[in-house]
Amino acid sequence: MIHRINETPKILEVKDLSVHYFTSRGAVIAANSVNFYLRQGEIMGLVGESGCGKTTVAMAILQMVQSPGKITHGEIWVDGEELNSLSERELRQLRWRKLALVPQGAMNSLNPVLKIKEQMGDAILAHERQLGRATLKQRILQLLDDVGLPARVYEMFPHELSGGMKQRVCIAMAIALNPPVIIADEPTSALDVVVQRVVAQTLLDVKKRLGVSMLMIGHDMGLQAQMVDRVAVMYAGNLVEVGPVEAIFEEPLHPYTQLLIESIPSIDERKPLKVTEGLTHDLRNPPPGCIFQFRCPYVTDECRAGRPPLEEIAPDHFVACFKVKSARLA
Ligand SMILES: Nc1ncnc2c1ncn2[C@@H]1O[C@H](COP(=O)(O)OP(=O)(O)OP(=O)(O)O)[C@@H](O)[C@H]1O
Ligand SMILES: [Mg+2]
């Protein structure tokens, strides 16, 4: 495989991020020293099974981790600015404008008693108070058009829209202030397969037209393969592999990534389903050593003793695994 050095600037950098939820039964380590970046204009997928910490990372980037959660360590850099040190007022200014979220279950986050024009208008006016009514209307209609929705949606209530349409309204709201970075948390789950494709295509169109960078959380590996430029694989609060999409799908290196890829159903081969069990340990009590040791077929004493760091083994390709590292060195 040919590796090219990518010089595109990084628009988002997550450095050594840890998030704990402080429960009465101990601290849940939902993100542990997470490191990754997003380059300008790219889509990065964040994948991993339910409960591995994807939403936690998204909320931490936005500085919106809910109590009892807390960022215990790390820095978030967006467009040259570090967010952990900003006040709540400064963060309010920055959200939507620099960093917008399409939240998990976004379509249910729409206010049922407000027309689409009202909720979109409120979101825009919160940042651009002096906007005139006619300009505001034009702007909303343009945004609806940007996500492929007809103008009549402007006057409609959320309950009059299908799931896919509501999801597209949420995408329209995310792009309303032209942010350089959008985080979309499972934007297509809970939709049927055809609608999933439409919503995915809407995101791709938006990305192409606006040149926005995207972090796309999801667990549909097939959809990820078609949409993203790079993939970050998370397991039990830790990133285990981050790499270009072709490398991840053609030559996954981390044993967990291999398991994820193998479990994509294939019509041609009809091979027996490989069972991927759930997390094998309590997130309050991670084992010393590699986070994946209980499920890893290649585990050694070295893996039980120390945690393998996420290391760059090729340009833009990072893996946290002793076995991979020693194979590369051999
Ligand atoms: N408020 C909370 N209190 C305690 N633990 C929490 C809280 N919120 C999340 N967690 C725990 O943190 C871990 C990560 O949760 P998170 O929602 O980030 O996972 P996720 O990868 O987004 O999962 P899903 O794919 O189901 O959306 C989980 O083990 C979860 O139980
Ligand atoms: Mg989630």
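**Exercise 1. Find what covers the buried residues of helix H6 (residues 193-210) in this predicted model.**

Start with the burial rule: a residue is buried with 20 or more other C-beta atoms within 10 Å of its own, exposed with 12 or fewer, and partly exposed in between, C-beta atoms being placed from the backbone. By that rule, Gln 196, Val 199, Ala 200, Thr 202, Leu 203 and Val 206 of H6 are buried. Seen down the axis of H6, these fall within an arc of 150° (taken from the directions from the axis to the C-beta atoms), so they line one face. Next, look for contacts, meaning C-beta atoms within 7 Å. The cover includes helices H4 (133-146), H5 (163-174) and H7 (221-227), along with strands E7 and E8 (213-217). Finally, turn to the face away from the buried side, where Val 193, Val 194, Lys 208 and Arg 209 are exposed.

Helices here are DSSP runs (H or I) of at least four residues and strands (E) of at least two, numbered from the N terminus. Residues are numbered from 1 along each chain as written, chains are lettered from A and ligands numbered from 1 in written order; local features need pLDDT of at least 70 and side-chain atom pairs 80 or more, while totals for chains, interfaces and linings use all residues.

**Exercise 2. Describe the setting of strand E6 (residues 99-102).**

Check each side: Leu 99 and Leu 101 are buried on one, Ala 100 and Val 102 on the other. Then find the partner: E6 pairs (at least two DSSP bridges) with E7 (181-185) in the parallel sense, over 4 bridges. Val 102 has Ala 184 of E7 as its bridge partner.

Definitions and conventions
Contact = placed C-beta atoms within 7 Å.
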